[in-house]
Amino acid sequence: MEHMGIEPERIQFSWVSSAESTKFVKVVNEVTAAVKALGPNEHFTKANAKVA
Amino acid sequence: MKIVKVDKKDWTDGLAKLYRTYRLFGPVKEGAFHCFRELAEGDRPDFEFQNTRLSAKGIIYPQSEDMFVYTLDESREDHHILKEAPKDDTPRAVLGIRPCDAKAVSLLKLNFDTPDYKDPYWLDRYNATTLVGLACDQPCGTCFCTSTGCGPYHEEGLDLLMTDAGDHYLIKLLSAKGERLAQSAGWDGEIDGLAVMENRKKAAEAKITQSIATDNLRAADTLALHQADFWEEISFACINCGTCTYVCPTCWCFDIQDEVHGKNGKRVRNWDSCMFPIFTVHTTGHNPRDTKLQRVRQRFMHKLKYFVDKYETGIMCVGCGRCVQHCPVNIDIRRVCELMNSHAASDACAAEG
Amino acid sequence: MIKYSDSIREISERLLKECRVDMVIGFRRGTVPMMNEPCFAKTPEEVQAFVWDSNCGINLANYLTDRKEKIGIVAKGCDSRNIVTHIIENKIKREQLVVIGVPCKGMIDKHNIAARFGGEILDVAEESDQIIVKGHDFEETLAKEDVLQENCRLCIHRNPVIYDELAGELVDEQQDVDRYEEVRRIEAMATDDKWAYFDDLLKNCIRCYACRNACPLCYCPTCFVDESKPQWVGKSQDPIDIRTFHFLRAFHCAGRCTDCGACQRACPVGINMRVFTKKLEKDCLDLFGWEAGLSLESRPPLDFYRPDDPDDFIK
């Protein structure tokens with residue numbers, strides 16, 4: 001995805017077990033902040049097919 | 001038929017005048033090949049080409065087009081109403097279409113304009129389009145138009161036919177649409193160019209080195225051709241892509257798909273190819289043509305036999321050679337036609353025998 | 001190359017006469033420059049049509065999928081790796097095949113050659129390592145190494161990795177080849193530039209699916225682009241859908257692609273979609289030390305969990 005021109009911060013991976021609620025909150029907050037900082041995604045969006 | 005002379009130094013002037021009335025389309029070189037693109041004001045079509053990679057078919061019949069649109073958003077006044085998708089049907093002119101592609105438009109018209117069904121999308125664009133042909137003085141090594149009922153100076157389907165005579169163009173006006181366009185462009189220098197054009201036509205036709213024989217196809221027995229033993233060998237290499245269909249100026253099949261985004265949707269028509277495995281899948285899941293052999297056979301039977309029988313106007317091919325040049329595995333319609341035509345001949349002999 | 005044609009015919013004839021195979025799949029001379037047509041021979045006489053030259057870029061392993069016969073198959077280095085992948089993926093059985101291995105020094109790039117000349121090319125002939133190109137009013141000799149397909153230029157597996165017969169002597173493998181120079185060039189671009197690069201790459205795509213269909217790996221009974229319930233990808237010329245088709249197809253080939261170049265050769269508008277798969281090939285090599293189709297014994301990385309699989313991208 002990154003290779004194709006999506007900012008790498010938009011896609012993140014994390015292991016969070018259901019017992020790690022604190023980590024879950026932390027990850028969600030961090031990723032949300034990181035993505036918001038990038039602004040709305042303009043690249044891989046399709047509203048309706050752009051055709052003739 | 002009136003012929004006018006247009007000096008090349010006056011060409012851009014004429015284009016500028018045309019631009020006031022018509023959207024202009026012409027061949028443009030992009031990367032390694034030419035394709036038809038809409039021309040902005042001041043742009044010139046590039047006539048230094050033999051033929052475009054894709055045919056001009058897409059100007060009248062776009063590869064993907066909206067059929068209707070709708071919204072389910074009840075805050076909008078037009079919610080739950082199927083609306084025809086807005087189209088731009090202002091007059092347009094295609095500059096530099098080759099006679100093979102123009103004849104192909106006439107063949108397409110047989111399908112889209114019938115006594116029973118008239119395709120409004122295709123016809124609206126067709127009626128708004130004036131075709132300005134550019135005769136071929138240097139045909140490709142793979143062209144075989146003269147044996148398909150076409151030729152480098154063929155006039156069928158064209159509104160005007162231009163030929164490049166060095167420092168000027170000779171332009172033959174072939175229809176009312178053509179005359180209107182010539183008037184808009186200020187092309188009024190009438191000249192007695194009939195003999196010159198006739199000579200140029202003969203010279204161009206002499207340069208066509210390839211031909212196919214189609215004389216036995218009409219009389220051939222359909223079932224015998226269908227059950228011939230050469231289909232296995234012909235179809236083996238086929239990878240069932242849509243290249244031949246999409247580069248072909250006479251292919252017309254399409255698929256209709258609905259696309260939805262949130263509360264808005266549209267119905268879209270896309271080119272389709274009988275070579276794709278799912279082309280004939282039924283809603284039950286049954287697929288009458290689920291083998292490669294059946295599909296390849298279908299393509300050539302349609303073009304060289306069924307169409308011949310149904311419309312009695314020759315084969316569904318104008319000899320442009322694009323499928324021959326671009327098939328990834330070099331399946332050659334000229335070879336297939338030869339096999340079909342000679343099979344039919346031997347068939348006839350057996351019948352008479 | 002003439003030697004290869006002769007030995008392929010000789011071997012095929014022998015295989016058919018001895019009934020070791022029901023058919024042999026190879027190439028016959030094409031009807032236009034720089035093209036050969038995949039074909040089969042079922043009788044010893046039919047093998048005379050077989051040829052081999054530097055226009056055999058289509059991957060014949062594509063024709064093996066789910067076949068039931070005993071087949072002799074002509075395979076260059078990359079093709080043979082796809083045969084290995086086919087066997088591992090249960091698309092053909094090893095016992096069905098007699099692989100006629102062809103040590104390969106590269107195929108010429110028809111798109112590259114065509115783009116060099118303004119006029120139509122009427123004939124392309126090959127003489128040892130020179131390519132002679134003729135048109136209406138030109139004739140030029142090119143060095144074969146200058147017009148090789150890009151994947152061949154970077155190839156380090158020219159010899160077949162599996163074979164039962166050899167059509168010629170094994171060739172030296174290329175050394176010190178930087179296979180991922182182009183990939184790194186793109187990796188170094190800024191995000192917006194990357195997006196624009198791929199936009200430009202795909203702008204002429206007509207969704208003919210020649211690339212997909214020429215690829216031996218693409219054998220799904222229903223391709224994801226053909227699904228309509230649900231419709232994963234739109235079927236139209238919408239640019240996002242076109243991009244999605246290409247990158248998702250590349251993902252399906254991750255760890256399996258041998259960079260045979262058939263996809264690019266097949267494309268009627270000359271798109272270099274190898275750019276997608278080459279990146280994935282590099283990633284598989286970097287992350288898993290894996291190259292597709294080299295051995296019948298090892299399972300591919302996406303098939304097989306190892307505790308030391310890289311996971312430093314997971315926070």
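A salt bridge is taken as a side-chain nitrogen of Lys or Arg within 4 Å of a carboxyl oxygen of Asp or Glu. On this criterion, 63 salt bridges are found over all chains of the structure. The structure is a predicted model, in which local features need pLDDT of at least 70 and side-chain atom pairs count only at pLDDT 80 or more, while totals for chains, interfaces and linings use all residues. Residues are numbered from 1 along each chain as its sequence is written, chains are lettered from A in the order in which they are written, and side-chain values use heavy atoms, with hydrogens and water left out.

Several of the salt bridges lie within one chain. Arg29(C) pairs with Asp53(C), the closest N and O atoms being 2.8 Å apart. Arg29(C) is in strand E1 (residues 23-29) of chain C and Asp53(C) in the loop between strands E3 (50-51) and E4 (71-76), so the pair ties together parts 24 residues apart in sequence. Helices (H or I, at least four residues) and strands (E, at least two) are DSSP runs, numbered from the N terminus. Asp53(C) is buried, at 9% relative accessibility; buried means under 20% relative accessible area, exposed over 50%, and partly exposed in between (1.4 Å probe, protein chains only).

A salt bridge of 3.3 Å, N to O, joins the side chains of Arg243(C) and Asp199(C). These residues lie in helices H8 and H6 of chain C, respectively, 44 residues apart. Arg243(C) is buried at 1% relative accessibility, whereas Asp199(C) is partly exposed at 39%. A network of salt bridges with shared partners joins Arg179(C), Asp259(C), Arg274(C), Lys278(C), Glu281(C) and Glu291(C).

Between chain C and chain A, 24 residues of chain C are in contact (heavy atoms within 4.5 Å) with 21 residues of chain A. One salt bridge is counted between these chains; the side chains of Lys46(A) and Asp241(C) meet in a salt bridge at 2.6 Å, N to O. Helices H5 (181-187), H6 (191-201), H8 (239-252) and H10 (274-288) of chain C each give two or more residues to the side that touches chain A. H8(C) supplies the largest share, six residues.

The largest nonpolar core has 154 residues, and Phe300(B), Met340(B) and Ile83(C) have the most contacts inside it. Such a core is a set of buried Ala, Val, Leu, Ile, Met, Phe, Trp, Tyr and Cys residues joined through side-chain atoms within 4.5 Å. Helix H3 (residues 99-112) of chain B gives the most to this core, with seven residues.
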